[in-house]
Amino acid sequence: MDRAHWDLIQELFHRAADLPRDQQISFLQAACNNDESLLNDVFALLEEDSQQNSLLDRNLAQVAQHVVGGSFSGSPPEAFGPYRIKRIIGEGGMGLVYLAEREDLGTEVAIKILRDAWLSPSRRERFASEQRTLAPLNHPFIARLYDADSLSDGTPWFAMEYVEGVPLTEYCKAHNLSISDRLKLFCSVCEAVKFAHSHAVIHRDLKPSNILVKSDGTVRLLDFGIARQLETLSGPTSQANLDHTMTGLRLMTPAYASPEQAKGARVGIQTDVYSLGVILYELLTDRLPFDLSNLTPAEAVSVIETQDPAKPSLSARSALSDGVQARVFDSPEWADLDVLCLTAMHKDMSRRYASVEALTRDVNHFLDDEPLEAHADTVRYRVGKFVRRNRQPVIAASIVLAAIVGLTIFFTARLAIARNAALAEAARTQRIQRFTLNLFQGGDEAAGPADDLKVVALLDRGVQEAKALDADPEMQAQLYQTLGSVYHKMGKFEQADSLLHLALERHKQLHGPDHADVAEDLVAIGLLRSDQAELEESERLVRQGLEMSKKHLPANHPTVARATSALGLVLENRGNYEQALQVLSEAARLESAPGGDAADLAATLTELANCHFYAGDYEAADALNRRVLEMDRQLYGPGHPHIADDLINLGAIQSQWEHYKEAEVFNRQALDITQAWYGKDNPETASAATILGRTLINLGRLDEAESLLQQALSVQEHFYGKVHPRVASALSDLGKVALQRGKLEEARADFTRMEEIYREVYGEKHYLIGVALSNLGTVELEEKQYPRAETVLREAVNKFTEALSPTHFNTGVARIKLGRALLRQRRYSDAEAESLAGYKVLSSQSNPSNLWLNYAREDLAAIYSGLGQPDKARQFQTELTASAKK
Amino acid sequence: MASQNFSAGSGSERLAIDGHQDRHALDQLFSITYEELRRLASTVRRGDPSATLNPTALVNEVWLKLSHSGPPVASSQLHFKRIAARAMRQLLVEAARRRGANKRGGVAAYTPVTLDETIMAAATQQDVLALDRALEELARLHPRQALMVESRFFGGLDIPETAALLDISEATVLRDWRAAKAWLARELKREH
């Protein structure tokens, strides 16, 4: 059909349509002029027009129901990993929640799936980020994440604790709990929220139906579905979008929403404080502060923003007259409860309790009949005032909390990635963890440069705060130490150095030169030196710190274990694997003892595995890394960068075994995790990409490898400058790609830069210089520059022999290469010594068809021919042929 | 008028309606449209008597949510509705296609409860795919009519809005709609 014909059909259709039915046929017969097909076409349209029952006459809602909806109580397709589905327990915009059972353990879990994951990356990202949010929240009062994976059709799912319980308010009513019992229950809710905050997660949807009380009387906090939004970060704009779009009242239960949420303004930890205030109000009075039930959304927003709630005491009294169980509280007590509740619910977020901790403190003051802190001056929301007023020793963290929170209270979601990274690194001790949290609660409203720079800005502000704390040198010193370590983790060595020295000075002034606190500073500075490649100084300082700790602390104290582990790490960095193994084993023993820190233990075991790896004992390294992977999954959840590190280590072992396909699997998993955590253009992601690139080279996929590596190199140079081991690492692999492509000049340039960087960073003795030299040796061999090849390869052999061991894999490879350089110069006896030594090293630890072994066999056959020993020559020739056949 | 820039018609064309559209904004449009659709579907299923949501309300809802956020996905509400209609169409077609594929591949994640529902759902999915194909054919014959059907059926535009969008009189909209609807209904039957 063409346009003209269609126009004709329509013309006739419209003219006939208005005629009575019985006249239509005769009209058409006349009009169509015996054109049967035209008549049939028009008539068919008239038929349809009269019936009105096609898809287009149906409501889009019905259509949608059948296409994206459907009922979901049928049997699901597959088991989810080890979980067998029992039934559906919930359904939302994102997906479904099933009740499932883990058959081998008999435990029940809730499984959440993302429906139609194909639809859009932002939905997948939001789903993934809820999972990421939950992963580190390992707390008895928070329903925890167990497992996550996806179905074969790509549907992602995760399994979490299934909580059978009653909403908080219903539980209190049903059990007719007293005010003080209600407050105690409320405190455990606060504890869970506080824990989430300490992991930089704001819940944003706290309400009784998200807080269940189990039959044993313990609470469980659920549903971080909105909280996850803060974690989502695929770019600054998108974050702003998501936040504005998702934080509006629409997704919240208005009754518990704070004014800033109602407005769609930025939220902070005080947003959760507000919702807790409403919950407290309801627990005290059995009523909500505002009756929003018959209001339009706009009216509700206005009430939340402008109306003051009735005092709980009044509300409770009127509830009482409504027949609610009488609770005898005389008026001073109710006055306290009024202040408590209304301070938590203050419309101005800066005048609420500055943290859940502060709120809990006042609840406990109330329970203990002590005066409330909130009485002093509503909330102490100004730092200066607070610090001036509080001369009494308060633990360091709580002052910093108030100080930094007081400055600015907006939690900036844009910081999420940098914050995650810093938190992950800094979460080693509770103090640091707390500190970082406080740091990131201070936010910076102004749009600024890259996220990490903003973190630095916050840290700098933290330093200013610390410097102002002259009145409390003890706390100041601790802060300096903490800040110094955070700067160290962030690679800001200069700032780290000056702060750690300030901490050391303060501690010495306070306690003299020989004290446990001084010891901690020494270890911290020692570890910094190790990353600054001042290894001798590093070892000296850490040893000194360790001895001092042992003197002042019990042998099983976590600080002693940590210092021991630090020494092991430094020894490892020095290439002293034998001693490192001993020291690290000792640290692991201390940390495995009851009361030892599991996270510290996992870190120590990782270093142990690394030592085994560098010493060439891959079996031992593999076993340890697998154990650490399990531990870390328990400790941090499946999406944490530690998991990526473990996977990278496991991949490296597979590569040593030449199982490159397996290595690729590990490397890709690691890259996915890293990228999800840190984002794309991040040095950590670049490092993971470099490692994958390396494996792809081994698999001969050079194009893929090169594009990954180029990208990684530019990210690393951007972040770390031109002279940094991370840059060298990317260069090393780019050089290999160039080499394999026969672009020898390019390869030489890459390897030379790599060598220079390592010399500059690590001094002369590091084995990595040997790696660069060995690579350069290959370039020289390819260019047939045999004397030059001999020189660099000899130096490589020496570096490896000293820094690693004479029997290390790398030493063996370098000797085989050196043997070839000598053979090509027809120096058969010299060549025999090197090739044979290399051959022996490798044949004891490699697969017999190893590439390098074959090179050695080929060369040895030629060498023995040259030496006039045809029997031996034949022997290696036969071996070579046999190996090549495989 | 903004609509003049649109390439009307072809259903297989991805949502590249404006060259300079922010990809992320479109992604969000998709997500939110989808979630609204699901909400719509579930109110129908529950037989919720207060469920007043229709495509018009749905698209308005999506508009409200998106208009507060970041770079504008569209220059006006009408422009937006046009884009949303396209998004809705693509979404339903893609969902129908995948549901169908899932059944064949045996990895269907979701199974309706009753036989009736199964048949209805399968028929609707087929219909949506057939409508998509028929709309493409219509776009070849008469692009304006195809755009009109898409906007009205998938985007819930009312007569005056459609007239404004297409820059034609309301009477023309009514005429075109009637003819196009009858023609599409017949095409749908032919496919069965």
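In the hairpin formed by strands S4 and S5 of chain A, 5 residues lie between the strands, and Gly154(A) adopts a positive phi near 95 degrees. The model is predicted: local features require pLDDT of at least 70, side-chain atom pairs count only at pLDDT 80 or more, and totals for chains, interfaces and linings use all residues. Residues are numbered from 1 along each chain as its sequence is written, and chains are lettered from A and ligands numbered from 1 in the order in which they are written. Helices (H or I, at least four residues) and strands (E, at least two) are DSSP runs, numbered from the N terminus.

Strand S4 (residues 145–150) of chain A is joined to S5(A) by 5 bridges, and the two run antiparallel; strands are taken to pair if DSSP finds at least two bridges between them. Leu145(A) has Met160(A) as its bridge partner in S5(A). Strand S5 (residues 156–161) of chain A also pairs with strand S3 (residues 107–114) of chain A, in the antiparallel sense and over 5 bridges. Here the bridge partner of Lys112(A) in S5(A) is Phe158(A).

A further open sheet in chain A contains 3 strands in the order S6-S7-S8, with antiparallel pairing. Strand S6 (166–167) and strand S8 (219–221) of chain A each have a single partner strand and stand at the edges, so one side of each is left without a neighbour in the sheet. Between strand S7 (residues 211–213) of chain A and S8(A), which run antiparallel, there are 3 bridges, and Ile211(A) has Leu221(A) as its bridge partner in S8(A). Helix H7 (residues 179–198) of chain A packs on this sheet, where it touches S7 and S8 of chain A, and its direction makes about 35 degrees with that of S8(A). Contact between two residues requires their C-beta atoms, placed from the backbone, to lie within 7 Å. Axes are lines fitted to C-alpha atoms, for helices over the stretch in contact, and angles run from 0 to 180 degrees between N-to-C directions.

Elsewhere in chain A, helix H35 (residues 767–782) and helix H36 (residues 786–803) have axes that come within 8 Å and cross at roughly 155 degrees. H35(A) is therefore roughly antiparallel to H36(A); angles under 35 degrees count as roughly parallel, over 145 as roughly antiparallel, 65 to 115 as roughly perpendicular and the rest as oblique. Residues making the contact include Leu773(A) and Leu776(A) of H35(A) and Val792(A) and Phe800(A) of H36(A). By class, the contact of H35(A) with H36(A) has 11 nonpolar, 3 polar and 4 charged residues. Ala, Val, Leu, Ile, Met, Phe, Trp, Tyr, Cys and Pro count as nonpolar, Asp, Glu, Lys and Arg as charged, and the others, Gly among them, as polar.

Tyr577(A) is placed in helix H26 (residues 577–592) of chain A. This residue counts as buried because it has 23 C-beta neighbours inside 10 Å (buried, 20 or more other C-beta atoms within 10 Å; exposed, 12 or fewer; partly exposed, in between; C-beta atoms placed from the backbone). Leaving aside neighbours within four places in sequence, Tyr577(A) contacts Glu572(A), Cys611(A), Tyr614(A) and Ala615(A).

Chain B comes to 7 helices and 0 strands, and 46% of its 192 residues count as buried. Helix H5 (residues 143–154) of chain B packs against helix H7 (residues 170–191) of chain B at an angle of about 90 degrees, with the axes 10 Å apart. H5(B) is thus roughly perpendicular to H7(B).
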